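Subject: Structure for you to look at

Dear colleague,

My notes come after it.

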Amino acid sequence: MKKSLFLILVLSFSLGLKAQVADSVKANMIADWERAKLYTKAYLEAMPKDKYSLRAQDSVRTFAQQMLHLAQGTVMLGSNGINKPMIWQGANLEQSKTAQSADSVMYYALASYDYVIEGLKALDVSKFWEKAGRGNFMFTRYAWIEKAFEHQTHHRGQTTVYIRIAGAKPPQEMLF
């Protein structure tokens, strides 16, 4: 009887601890996404509004297209993680003439962060380890959220060169 009670207590403690760890991971993810949103907003504000059509080189995206690609990638990858239907599905923001203005780019970029942040807040942490995806790309929901974060970081980082070419100064890093 004592062994059974002890085992029940240990299991209860371990399950409670696991839930606390998962909740902590979720809280840290939300904080990272909120910080990334502010960092990207600072990048968008650092680029002069009349330079959003700037290309670092002829064969690459414009600044606006980079940020629109960031936004759509965030939504596409993030949707697999947060188990929420994609917004702007079927749209090609990078090629949309009406999406290229500074105000439109700001809207789409920040809305993509809100989409993931709201989805994360609503996501039950027990769903982190479910497999999700499309075709051959099946990963845990947690992995999809991480991939979305990596993608937005990569494309925001690429725009540093654009801001410098435009004669402006990129924002200071925001690790904390």
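Predicted model: local features only at pLDDT ≥ 70, side-chain atom pairs only at ≥ 80, totals over all residues.

I begin with helix α2, which covers residues 63–82, and helix α3, which covers residues 102–122; their axes come within 9 Å of each other and cross at roughly 15°. Because angles under 35 degrees count as roughly parallel, that crossing makes α2 roughly parallel to α3. The crossing in which α2 passes α3 is left-handed. On the α2 side the residues in contact include A64, M67, L68, L70, A71 and T74, and among those they meet in α3 are V105, Y108, A109, S112 and Y113. Sorted by class, the residues of this contact comprise 14 nonpolar and five polar, with no charged residue.

Helix α2 also meets helix α4, and here the axes come within 7 Å and cross at roughly 175°. The two helices, α2 and α4, are therefore roughly antiparallel to each other, and their contact has 10 nonpolar, 12 polar and three charged residues.

Helix α4 itself runs over residues 141–165, and at 1.5 Å a residue its 25 residues should span 36 Å, which agrees with the 38 Å that separates its end C-alpha atoms. After α4 comes G167, which has a positive phi, near 85°.

Turning to the strands, β1 (residues 131–134) and β2 (residues 137–140) pair in the antiparallel sense, over four bridges. K131 has T140 in β2 as its bridge partner, while R134 stands opposite F137 in β2. The two strands, β1 and β2, form a hairpin with two residues between them, and in the turn G135 has a positive phi of about 55°.

Note on methods:
Residues numbered from 1 in each chain as written. Heavy atoms only, no water. Pairing = 2+ DSSP bridges. Axes fitted to C-alpha atoms, helices over the stretch in contact; angles between N-to-C directions. Parallel < 35°, antiparallel > 145°, perpendicular 65-115°, else oblique. Left-handed = near helix turned anticlockwise from the far one by under 90°. Contact = heavy atoms within 4.5 Å. Nonpolar A, V, L, I, M, F, W, Y, C, P; charged D, E, K, R; others polar. Expected span 1.5 Å × (residues − 1).
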